[in-house]
Amino acid sequence: MAGTGRVSVDQHRADVAALLAPLVEAARRRTRTEDVVLADALGRVLAADLVAPVAVPLFRNSQMDGYAVRASDVAGARADAPVRLVVAAEIPAAPGVPAPLVPGTAARIMTGAPVPDGADAVVPVEDTVAGTFASAPRPDAAGPAGDDPAGPGASHAVEVRVPRSAGDFVREAGSDVRPGDVLLPDGTVLAPHHLAAAAACGVGSVRVVARPRVAVLSTGSELVGPGETPGHGQVFDANADALGAAVRRAGGDVVRTARCGDDAARFAAVLAEATAVADLVVTSGGVSQGAYEVVKDVLGGPGAVAGQDAGQEDVRATSPGVTFRSVAMQPGGPQGFGTVHGTPVLTFPGNPVSAQVSFAMFLREPLERAAGLPGVERVRTAVLAEPLTSPAGKRQLLRGATGPDGTVRVVGGAGSHLVASMARADVLVDVPADVTQWDAGTEVEVREL
């Protein structure tokens, strides 16, 4: 159905939120989840508590490079009276079970290596007279049996200068995580350090909230793709890739991207294909007041092309639930929203700045919630670095750049075609409809892009 009159930004935001509420609720209820391998889980949202399947550490191991000892053997060690122990073994961080430690001896041990039975402390190599492993021969380099009172396999002695207590520099099995502990709670947005914790527990895949499936359709016969050669009267499509990137950043999965000319039947067919595979369709272009507005032609009311049935020519029908309206904002005034073939559809203007502003104002936040991501407050105050003027009667969303001192200055003008200025912006300066001028130093409301 075609709408009339102009609505506020807040009203359109509320209408879009209501349209996408079922997707948000599905994420909240964890209705759609999937398992992904750990390598692909960065940025995904856990759909349930991740419970540790094993202990971490898996076994008693050394926290330091040094010597595994019995604490009682080095209790009297001092810098001026070191305790001398025969080094009876070498324990690398490698598979295998070391032999038990004989009283009165030490085992040279590396960080992460299993602590042998009988040892209850580790002396860091820095706390020995040598202070380093560099000059210490390996036990497997021992001379003939009988050369050392420790017997076969012993090669040298270590002098310990610092006493140690039982447990010093020994990591006990399960001291970090026990089996059954909640390693990461439901709703965690997985960052690299979360993946490290999961991997340390041997977790190979995680259950995450399924991303909303989004189709992005860019319309206009004048469009060619970036990297192609435009003919006279053609322009590069700045929306398909940019809106797709915005969708991905907000947690969506772009399942279809298409560039479509101004042929109504062709657009109707592409739209039908998109609604069959997506949870949401976003279009750009074709919603203004011109003569070749393909999105409006297809969805805008009586006589619109709704699609094609098998074996039939173009089917003429009333709009399947799409409202087109003018929103009291600039840029991005022409907007549409509704349902097509049971799938939510949002229609944005075709000018690149208008499309990006529309996404930031209307779609980013509900799409993030539909992906299970936590809410982020992007509206804040800032101080204007320079004065600005604004036409009365329409809410302006001006591109702004934050300077090193935290002040914001407007970049570019109000025109929706000034895409280069959008690239320099990091905020939208929100100018109410009743404001015509602000002086430098005015505290204003901005929305982070």
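Leu346 lies in strand S23, residues 343-348; strands (E, at least two residues) and helices (H or I, at least four) are DSSP runs, numbered from the N terminus. The structure is a predicted model, in which local features need pLDDT of at least 70 and side-chain atom pairs count only at pLDDT 80 or more, while totals for chains, interfaces and linings use all residues. Residues are numbered from 1 along each chain as its sequence is written, and side-chain values use heavy atoms, with hydrogens and water left out.

Is Leu346 buried or exposed? Leu346 is buried, at a relative accessible area of 1%; buried means under 20% relative accessible area, exposed over 50%, and partly exposed in between, with a 1.4 Å probe and protein chains only. Beyond its neighbours within four places in sequence, Leu346 is in contact with residues including Val16, Leu19, Leu280, Phe337 and Leu363, where contact means heavy atoms within 4.5 Å. For Leu280, the separation is 66 residues in sequence and 7.8 Å in space, C-alpha to C-alpha.

I turn now to the nonpolar cores. A nonpolar core is a set of buried Ala, Val, Leu, Ile, Met, Phe, Trp, Tyr and Cys residues joined through side-chain atoms within 4.5 Å. The largest has 31 residues, and Phe359 and Leu363 touch the most other members. Two or more residues come from each of helix H1 (9-28), strand S13 (213-219), helix H3 (240-249), S17, S23 and helix H6 (352-370). With nine residues, H6 gives the most to this core. Not counting residues up to four places away in sequence, Phe359 touches Leu243, Ala246, Val247, Ala250, Phe348, Arg364 and Leu367. Another core, of 20 residues, lies apart from the largest one; Ala268, Leu271, Val298 and Val340 are among its members. In soluble globular proteins, nonpolar side chains tend to be buried together.

Next, helix H4. Spanning residues 264-277, H4 has 14 residues and reaches 20 Å from its first C-alpha to its last, close to the 20 Å expected at 1.5 Å a residue; the expected span is 1.5 Å times one less than the number of residues. Its buried residues are Ala265, Phe267, Ala268, Val270, Leu271, Ala274 and Thr275. At the N-terminal end, Asp263 caps H4, with a side-chain oxygen 3.4 Å from the backbone nitrogen of Ala265.

Asp279 counts as buried, at 11% relative accessibility. Which side chain forms a polar contact with that of Asp279? The partner is Arg32, at 3.4 Å; a polar contact is a pair of N or O atoms within 3.5 Å, and within protein one must be able to donate a hydrogen and the other to accept it, with residues adjacent in sequence counting only if both atoms are side-chain atoms. Other residues in contact with Asp279 include Arg211, Arg213 and Thr343.

Arg108 counts as buried, at 5% relative accessibility.

Finally, the whole protein. There are seven helices and 30 strands, and 45% of the 449 residues are buried. The mean pLDDT is 89, and 88% of residues reach 70 or more; pLDDT is the predictor's confidence in each residue, from 0 to 100. Over residues 141-154 the pLDDT is below 50, and this stretch has eleven contacts beyond near neighbours in sequence.
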